[in-house]
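Dear colleague,

My notes on what was found in it come after that.

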Amino acid sequence: MPPDHNLNDSSGDAAVPHAHAQLATNEVRRAVPRFGAPKGGSDALYLAGSGEGENRRPLRIGIGGPVGSGKTALVAALCKTLGAEYDLAVVTNDIYTTEDADFLRRNAVLPDDRIEAVQTGCCPHTAIRDDISANLDAVELLESRHPGLDLLFVESGGDNLTATFSYGLVDAQVFVLDVAGGDKVPRKGGPGVTSADLLVINKTDLASLVGADLGVMERDSAAVRGDRPTILLSLREDPSAAAVAAWVRDRLAQLRPSVVAM
Amino acid sequence: MGGHAHSGGVEQAICVGVVTDAATLADFLERRLQTAGPIAAALAAAACHAVAGNTVGNSEPGYDPADGAAAMADRLGDLDTEAEARTPSPALRTASRSLGRGLTRLGKRAWPHPAWADLSAAPHHPIAIGVAAAASGVKPIGAAHVAAYLTISGPATAAQRLLSLDPLTVAMITAQLSARVDAVAARAAADPSGPLSAVSDPWFDLLAETHASRGDRLFAS
């Protein structure tokens with residue numbers, strides 16, 4: 001029997017009696033966070049909008065962006081900064097199983113049993129957007145293993161500018177770019193840049209070395225993102241990723257108001 | 001659901017040099033259809049039959065719905081055990097249950113039906129296919145078709161990605177197997193309450209176990 005065989009299914013199954021509620025648009029869903037079944041249960045009612053069950057599963061935050069932009073380093077920084085405040089875990093989607101997971105372990109960010117790696121069959125964007133089954137399995141495994149989880153990061157395998165997370169998998173998402181990719185990237189747009197709940201422009205310490213104009217990147221991001229926030233970050237200069245951690249705390253306060261920091 | 005991350009053994013077959021091009025892929029798919037196919041198709045047809053024959057649709061004289069529900073639950077439980085017995089490789093058991101879990105998650109939402117409550121959260125994939133078929137009004141032969149086809153479509157697209165094959169060539173290879181898929185499904189669904197196929201192919205078990213121990217795999221199985 002595989003280890004996850006007896007897991008309680010805590011995804012959208014609970015929504016069956018109210019299947020129409022699942023057809024809400026992203027806007028509605030983002031205003032009204034989705035709730036899974038209560039931990040340890042499998043057939044609870046769908047509780048959207050009732051105010052109950054809000055803490056019954058952790059807040060899931062997707063971290064996406066191109067290869068090498070610093071997603072894993074950001075996740076490691078957030079785990080270090082937020083790990084003392086919240087009960088958290090990470091799902092990685094690396095090309096090969098263990099590279100990112102090993103990085104997190106090596107950096108002693110999290111114990112092994114709080115990191116799950118999934119294979120994406122050469123299709124990292126499929127695994128976070130079109131067919132999220134493997135990621136849901138990993139998320140549910142972590143949720144059942146650690147019933148007190150407050151926060152769960154799902155790190156995408158590096159992909160292109162169009163790769164976004166399905167809101168069936170995460171509650172909010174961060175898209176990570178870096179200045180070395182060129183200061184024209186925000187202008188190019190694409191769903192990652194335009195629609196992510198938070199855009200992080202990483203490695204600002206390299207801007208002068210690669211001829212990237214941070215002002216241009218900030219201006220172009222604002223132009224395509226409306227009122228969605230953008231944070232300029234250098235993990236070299238701020239290994240705690242303080243501004244991003246603050247954004248995560250805000251998301252928790254907004255979407256899981258009864259979760260309080262330890 | 002979740003199938004895109006599973007290669008049906010073809011990733012390992014490519015790694016060890018058995019599948020190298022379109023011709024060797026065609027051989028691989030044929031073998032998989034003839035060994036994994038009958039098992040998956042028979043289990044799916046039997047599960048579909050167990051559900052379709054034991055629920056409200058049954059209008060036979062003297063049929064008691066309560067007995068029917070109990071018989072359905074028993075039969076689905078037995079079939080899951082039969083699937084376990086026909087899947088000796090732990091890696092393949094995990095893969096099958098992972099795919100079954102994904103389909104169950106979808107099926108409960110897309111085709112609500114009392115039979116889903118008789119399954120665990122992660123039943124074997126063919127059992128979930130059978131229940132999904134019955135819950136959506138498809139007959140056992142349809143369930144058998146789906147199960148048989150899925151035993152080749154997954155590895156076909158995985159090989160297409162891993163070997164950078166021409167997608168038209170891969171589609172052609174798959175299409176050329178359609179008559180054989182039909183034959184496998186027809187045999188499997190001929191007597192969905194009768195004895196189940198017990199074909200085995202240790203090579204696929206070996207591929208799966210070796211694959212599971214790799215640190216550089218792209219696919220879950």
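A residue is called buried here if 20 or more other C-beta atoms lie within 10 Å of its own, exposed if 12 or fewer do, and partly exposed in between, with the C-beta atoms placed from the backbone. Please bear in mind that this is a predicted model, in which local features need pLDDT of at least 70 and side-chain atom pairs count only at pLDDT 80 or more, while totals for chains, interfaces and linings use all residues. Residues are numbered from 1 along each chain as its sequence is written, and chains are lettered from A, with ligands numbered from 1, in the order in which they are written.

Strands (E, at least two residues) and helices (H or I, at least four) are DSSP runs numbered from the N terminus, and two strands pair if DSSP finds at least two bridges between them. On these terms, chain A holds an open sheet of 7 strands with parallel pairing, in the order S3-S2-S4-S1-S5-S6-S7. Strand S3 (115-117) and strand S7 (230-232) of chain A each have a single partner strand, so one side of each is left without a neighbour in the sheet. From one strand to the next, the twist averages 20 degrees, where axes are lines fitted to C-alpha atoms (for helices over the stretch in contact) and angles run from 0 to 180 degrees between N-to-C directions.

Strand S1 (residues 59-64) of chain A is mostly covered, with 6 of its 6 residues buried. Leu59(A), Ile61(A) and Ile63(A) point one way from this strand, whereas Arg60(A), Gly62(A) and Gly64(A) point the other way. S1(A) pairs with S4(A) in the parallel sense over 5 bridges, and Gly62(A) has Val154(A) as its bridge partner there. S1(A) also pairs, again in the parallel sense, with strand S5 (residues 172-178) of chain A over 4 bridges, where Ile61(A) stands opposite Ala172(A). Val154(A) in S4(A) also stands opposite Val91(A).

Two residues are in contact if their C-beta atoms, placed from the backbone, lie within 7 Å. Helix H3 (residues 99-106) of chain A lies across S2, S3 and S4 of chain A and runs at about 165 degrees to S3(A), while helix H9 (residues 214-225) of chain A lies across strand S6 (198-202) and S7 of chain A, at about 170 degrees to S7(A).

With best regards
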